[in-house]
Amino acid sequence: RVSEEDENPCRVVIVKSRSLQNLAKRLYHAQRLTSGVQSIRQSSQGEKASIVGTVGVEEYRRTIPFVVREGNVCLEIGCHFGTSTTLVNDAAKGGDPDSVGGCLGVDIGSLIIKS
C-alpha cells in the first residue's frame with residue numbers, strides 16, 4: 001500500500017519567475033490577518049490588488065471585515081448561491097446604499113446558474 005506521503009514525494013517546487021515574485025508581495029494569509037499578526041498595507045493609486053488565501057468558507061467569511069473597506073469594488077469568483085457575496089457587498093457598501101462600493105459574484109456551476 002502506498003501512503004499519501006509516497007504519492008507526492010515532492011516537498012518543494014522552486015520557480016524562477018519575476019511574475020511569481022511580484023505576486024508573492026501581494027499575497028496575505030487569512031489566519032495572519034484575523035489574528036492581527038499581519039495587516040494589508042494601504043494601497044496607493046494604481047497599485048495592484050492584494051490577494052488573500054483562505055481555507056474553507058468560515059475562514060473566508062471571518063476575513064471579510066479585515067480586508068474589505070467601504071467603497072471597495074469586489075469580484076467573488078465561485079460565489080455559489082451568493083451568501084458570502086452578500087457579506088462582501090455589505091462590507092463594501094459600509095451601510096451606505098449609495099456607496100460606489102459593492103461586490104459582483106460569478107459562478108460557472110450549471111446548477112447554480114439555473115437557480
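Predicted model: local features only at pLDDT ≥ 70, side-chain atom pairs only at ≥ 80, totals over all residues.
How are α4 and α5 oriented to each other?

Residues are numbered from 1 along each chain as its sequence is written, and side-chain values use heavy atoms, leaving out hydrogens and water.

First, the layout. The protein chain has six helices and four strands. These are DSSP runs numbered from the N terminus, with helices (H or I) of at least four residues and strands (E) of at least two. From the N terminus, the order is α-α-β-α-β-α-β-α-β-α.

Now the helix pair. The axes of α4 (residues 56–67) and α5 come within 10 Å and cross at roughly 10°. Axes are lines fitted to C-alpha atoms, for helices over the stretch in contact, and angles run from 0 to 180 degrees between N-to-C directions. Under 35 degrees counts as roughly parallel, over 145 as roughly antiparallel, 65 to 115 as roughly perpendicular, the rest as oblique. So α4 and α5 are roughly parallel to each other. On α4, the contact (heavy atoms within 4.5 Å) uses Val-57, Tyr-60, Arg-61 and Ile-64. On α5, Thr-83, Ser-84, Leu-87, Val-88 and Ala-91 take part.

Next, the strands. β3 (residues 73–77) and β4 (residues 102–106) pair in the parallel sense over five bridges; pairing takes at least two DSSP bridges. Val-73 has Gly-102 in β4 as its bridge partner. The chain goes from β3 through α5 (residues 83–93) to β4, in a right-handed β-α-β crossover. Right-handed means a clockwise path from the first strand over the helix to the second, with the strands pointing away from the viewer.
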